[in-house]
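Hi,

Here's the structure I said I'd pass on.

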Amino acid sequence: MSHEAPNLDFEGSTPYEDYVKADVLTHLQHTLSDDPGEMVFLVTTQVMELWFTVIVHEWETAARALREDRVDAATEALRRSTYELEALNASWKPLARLTPAQFNSYRGALGEGSGFQSAMYRRMEFLLGEKSASMLVPHRGSPRVHDELEKALHQPGLYDEVVRHLARRGHAIPDAVLARDVTRRYEPSPEVEAAWTEIYAGDADTGAARLGEILTDVAELVWRWRNDHLVATRRAMGSKTGTGGSAGVSWLEKRARNQVFPELWTARSHV
C-alpha cells in the first residue's frame, strides 16, 4: 500500500482551482452594509442561484430525453433533480429565522433588488409551465440573459414534453394540448388527467408510472420551496411590501397555491 503524500507542487494554480474556480466563487461577495448578517444573506442567495443552474440543466436534459422517448434517461435526470431540490430547499435554513430587525439591518442594501428578478429561477419556472412573456421585461438591459429567456419562453416546457411523450405512447391527448401556444402558461386538460388516471390504474412498474411518480416528487419539492420562501419572508418582514416593489407575502401566497403538473394530482382522485 502506498503512503506517498499528495503532490503539493504545481506550475501555476492547482488543478482543483483550474476546475472548480473556487477563487472566483469566493471573491464574488461584496456586501454593502456593515451588518455581518448580510454576508450570510448574500452567500445563501448565490448558492441558490447555483442550484437553480443545476436544476435547469437536469430538467432540460430530461426534456431532450423525452423528445427522443428515452424515458429511463429522463427519469434519471429528474431523480437527480430531486436531490438537488432538497439541497436548494435546505438553503432556506440560514434565513428561515430572521427577525424583522435583523433583516432590516441590511435590507436597504438590496435597493430594488428582488429574487423575483432572478433569470435562472425564471428559466426554472418556464420549464415548469409557468410561462409569461412579461417576465422578460426586467432583463431587457442584459442581452445575453434576455436572449436565453426568450429562447426558453418559446421552447416547450418539461411537462409539454411529458404530455407529447404520452401521446406517442398511445394515450388520447387532444391536438389542442399537443399544439398549444407554449409561450403561455400550461392549463390543465381533462384528457391529460384521464391519461394519468389510466397509467396509475395500471402496472406501477411501467416507464410512464415511474415517470409520473418522479414528476410528482419534483412537484412536491417545488411546492415546498415556494412554501419555505413564503414562511421565511413572513417571518422576516410580515406583510410589508416586498423588495423590488413586489407584493411580498401576498404574492408568494398566490404562488404557493399554484400546482405544478396539475393533472398528476387531480388524477389520483379517480384511481
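One thing that jumped out is a pair of helices: α3 and α4 are roughly antiparallel to each other. Bear in mind that this is a predicted model.

The angle behind that is roughly 165°, with the axes of α3 (residues 37–67) and α4 (residues 71–90) coming within 8 Å. Anything over 145° counts as roughly antiparallel, so the pair gets that label. As for handedness, α3 and α4 cross in a left-handed way.

If you want to find the contact on screen, here's who sits on each side:

- From α3: Met-48, Trp-51, Phe-52, Val-54, Ile-55, Glu-58, Trp-59, Thr-61, Ala-62, Ala-65 and Leu-66
- From α4: Ala-73, Ala-74, Ala-77, Leu-78, Arg-80, Ser-81, Glu-84, Leu-85, Ala-87 and Leu-88

Sorted by class, the residues of this α3–α4 contact come out as 16 nonpolar, two polar and three charged.

I also went looking for cavities. Searching the whole structure turns up one of 30 Å³ or more, and the largest cavity holds about 40 Å³ of space. What lines the largest cavity? Its lining is made up of Asp-160, Val-163, Arg-164, Val-177, Leu-178, Arg-180 and Tyr-186. Two elements, α8 (158–168) and α9 (175–178), each give two or more residues to that lining, and α8 contributes the most, with three. By class, the cavity lining has four nonpolar residues and three charged ones, with no polar residues.

Cheers

Terms used:
Residues numbered from 1 in each chain as written. Predicted model: local features only at pLDDT ≥ 70, side-chain atom pairs only at ≥ 80, totals over all residues. Heavy atoms only, no water. Axes fitted to C-alpha atoms, helices over the stretch in contact; angles between N-to-C directions. Helix = DSSP H or I, 4+ residues; strand = E, 2+ residues; numbered from the N terminus. Parallel < 35°, antiparallel > 145°, perpendicular 65-115°, else oblique. Left-handed = near helix turned anticlockwise from the far one by under 90°. Contact = heavy atoms within 4.5 Å. Nonpolar A, V, L, I, M, F, W, Y, C, P; charged D, E, K, R; others polar. 1 Å grid on protein atoms, 1.4 Å probe; cavity = no way out; pocket = protein on both sides within 12 Å on 5 of 7 lines; lining within 4 Å. Points joined across faces, edges and corners; volume = space filled by probe spheres on them.
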